Amino acid sequence: MAERKFGALLGKGGEREVYENLSNPATCFKVSHKASCVQTKREIKYFESLRKSGLGNLPIIPKYFGSFEQGDYVGFEQECLSWSKQNDDAILLEDYIKTDRSPECLATIRKKLEEAYALMIKHNVIISDIHPNNILLIFDSKNELKRLVFIDGFGSPELIPLPQYCPFFGRLKIQRQWKKFLRRRPDVKELLGLSSFKHVG
């Protein structure tokens, strides 16, 4: 198998780094050193399970294109959401709410969050890290919000990930994660009018 061509560093977290894919600018590589790849291996396993279940194209999840090992690193190829040839503008929710936005824009974000929650419940999608720095808003050329995407924290970190395999436990975990998000960020809850968020608030 040919080695993947890594481009510029796009981002860096505690465990892994994100690089441009020089062979395909529509995707990127998320990689971890093999000595510290717990999160990456968990997400690979989770994305594979979503793909097998036919859930790989949910709009709230970056598209996944398979895993790999290269040298001392393990990683996977994923949809690159930091830019777009269609003149889309992408911004983290954390940064977006710091700017002066109209009530109409905020209402649209609230609707997208409600839709995301409904999709997670319906399809038992586990995201263990819900916060404004993990939610990307993607706008089209007319500055209309067309997509809300979670960019990290996929899968259940438990040793035995019952929430992933049992919808009953999955629903409980999803609800706990959203409650934690709203409890820790009352500013976001108030700004977006999420006090009446069904089954969560």
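User: Before we start, what counts as a salt bridge here?

Analyst: Happy to set that out: the pairing needs a side-chain nitrogen of Lys or Arg and a carboxyl oxygen of Asp or Glu, and the two must lie within 4 Å. This is a predicted model, where local features need pLDDT of at least 70, side-chain atom pairs count only at pLDDT 80 or more, and totals for chains, interfaces and linings use all residues. Residues are numbered from 1 along each chain as its sequence is written, and side-chain values use heavy atoms, with hydrogens and water left out. With that cut-off, a search of the whole structure gives a total of nine salt bridges.

User: Arg-51 and Glu-48 meet in a salt bridge; what is the N to O distance?

Analyst: Both residues sit in helix H1, and because they are three residues apart there, about one helical turn separates them. Helices here are DSSP runs of H or I with at least four residues, strands are runs of E with at least two, and both are numbered from the N terminus. The N to O distance between the side chains of Arg-51 and Glu-48 is 3.2 Å.

User: Is Arg-51 buried or exposed, or in between?

Analyst: The scale is relative accessible area: buried is under 20%, exposed is over 50%, and partly exposed lies in between (1.4 Å probe, protein chains only). Arg-51 has a value of 42%, so this residue is partly exposed.

User: Which residue forms a salt bridge with Lys-34?

Analyst: Lys-34 lies in the loop between strand S3 (27-33) and helix H1 (38-52), and at 39% relative accessible area this lysine is partly exposed. The closest N and O atoms of the pair are 3.1 Å apart, and the partner is Glu-69. That partner lies in strand S4 (residues 64-70), so the pair ties together parts that are 35 residues apart in sequence.

User: What is the bridge partner of Leu-9 in S2?

Analyst: Strand S1 (residues 6-12) and strand S2 (residues 16-21) run antiparallel and are joined by four bridges; two strands pair if DSSP finds at least two bridges between them. A hairpin of three residues connects S1 to S2. In S2, the partner of Leu-9 is Tyr-19.

User: Which residues are linked with Arg-16 in a network of salt bridges?

Analyst: Side chains of opposite charge can pair when their charged atoms come close. In this model, the network joins Arg-16 with Glu-43 and Asp-152.
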